[in-house]
Amino acid sequence: MVAPAYSSLELVREPFDARAPAERAEATRAASAEIRREEHVPQTSAQETNDALEYLVGVNLARLRAERQLSLDALARASGVSRAMLAQIESARSVPSIKVLHKIAGALKVSVAAFLRRHATNGIEFLAADQATRLVTSNGRFSARPLFPLSAPASAEFHELRIAPLHTETGSPRAPGTTVNLVVSDGTLELRVHERTQLLGTGDAIVFDADQPHALRNPGSTEARAYQVTVNAETPPRWHVPADSRRIEETN
């Protein structure tokens, strides 16, 4: 799991608690030793990742076609993609180009992203508050609740942050190009980026580069709450470029 640009976070699964901050803090301190656990992310090779992606596209294509009760022939006529190519994609024996996926998506009336989802079989996923997963610091004074599905890597992350009074949480620098958009919903926060400090009141928002040293501090006497969107740095897509078989011979 990717932590929301702040350090010392551990994975916690617990019901979303709407009680007053003081009551929540006391309950968190009493129960934290029993409910806190670490998440271990398995390491996969690049080939395994690629195979998983091809399989995912194939499974989603087959599901979307079945939901619309379309045969391979019918989808081929609607999309302009051959029946043989569609069959190869569904069986993960062919990697479609973006152009081909765009044609198929148009025929199925979905976005290209629908072929890459590991969740939301009907295009939506409900995240129940009573089944929320929170990332909590060891002292329980800072927490982040993901408001997006954690089943697959995300280009953007959405978190609810809670910061105890007078607590400072130091940020963990992210990859160059990562940006954070933060809005304070309750209380007051100080954001420090390098040597510059910006005070944020309720309703104030700020955007900053997350690849540099930064920290959040709650200078108030009550818990502060904020919402944060992290836009991760773009990574180049996996293009299949055939080796150039041409030979350039030197002439004497």
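**Grounds for the terms**

Mentor: In this predicted model, threonine 168 stands opposite arginine 217 in β11.

Trainee: What makes β6 and β9 the edges of their sheet?

Mentor: The open sheet has four strands in the order β6-β11-β8-β9, with antiparallel pairing. β6 (168–170) and β9 (196–200) each have a single partner strand, so one side of each lacks a neighbour in the sheet. On average, neighbouring strands of this sheet are turned by 20° against each other, direction ignored.

Trainee: Why is β5 described as largely enclosed by the rest of the structure?

Mentor: A residue is buried when its relative accessible area is under 20%. In β5 (residues 156–163), six of the eight residues are buried, and the strand is therefore largely enclosed.

Trainee: Which strands pair with β5?

Mentor: Strand β4 (residues 142–146) is joined to β5 by five bridges, running antiparallel, with phenylalanine 142 opposite isoleucine 163. Strand β12 (residues 224–231) also pairs with β5 in the antiparallel sense, over eight bridges; there isoleucine 163 stands opposite alanine 224.

Trainee: Why is the pair of phenylalanine 158 and tyrosine 227 called tilted?

Mentor: The structure holds one aromatic pair. Its ring centres are 6.2 Å apart, with 40° between the planes. Centres must lie within 6.5 Å, and planes under 30 degrees apart would be stacked, over 60 edge-to-face; the pair is therefore tilted. Phenylalanine 158 lies in β5 and tyrosine 227 in β12, 69 residues apart.

Trainee: How do you know that these two residues are partly exposed?

Mentor: The class lies between the limits of 20% for buried and 50% for exposed. Phenylalanine 158 has 32% relative accessibility and tyrosine 227 has 26%, so both count as partly exposed.

Trainee: What makes α3 roughly perpendicular to α5?

Mentor: Helix α3 (residues 72–79) and helix α5 (residues 98–108) pack at about 105°, with their axes 8 Å apart. The range for roughly perpendicular is 65 to 115 degrees, so the term applies. Leu75, Ala78 and Ser79 of α3 make the contact with Lys103, Ile104, Ala107 and Leu108 of α5. By class, these are five nonpolar, one polar and one charged residues.

Definitions and conventions: Residues are numbered from 1 along each chain as its sequence is written. This is a predicted model: local features need pLDDT of at least 70, side-chain atom pairs count only at pLDDT 80 or more; totals for chains, interfaces and linings use all residues. Side-chain values use heavy atoms; hydrogens and water are left out. Two strands pair if DSSP finds at least two bridges between them. Helices (H or I, at least four residues) and strands (E, at least two) are DSSP runs, numbered from the N terminus. Axes are lines fitted to C-alpha atoms, for helices over the stretch in contact, and angles run from 0 to 180 degrees between N-to-C directions. Buried means under 20% relative accessible area, exposed over 50%, partly exposed in between (1.4 Å probe, protein chains only). Rings of Phe, Tyr and Trp (its six-membered ring) pair if their centres lie within 6.5 Å; planes under 30 degrees apart count as stacked, over 60 as edge-to-face and the rest as tilted. Angles under 35 degrees count as roughly parallel, over 145 as roughly antiparallel, 65 to 115 as roughly perpendicular and the rest as oblique. Contact means heavy atoms within 4.5 Å. Ala, Val, Leu, Ile, Met, Phe, Trp, Tyr, Cys and Pro count as nonpolar, Asp, Glu, Lys and Arg as charged, and the others, Gly among them, as polar.
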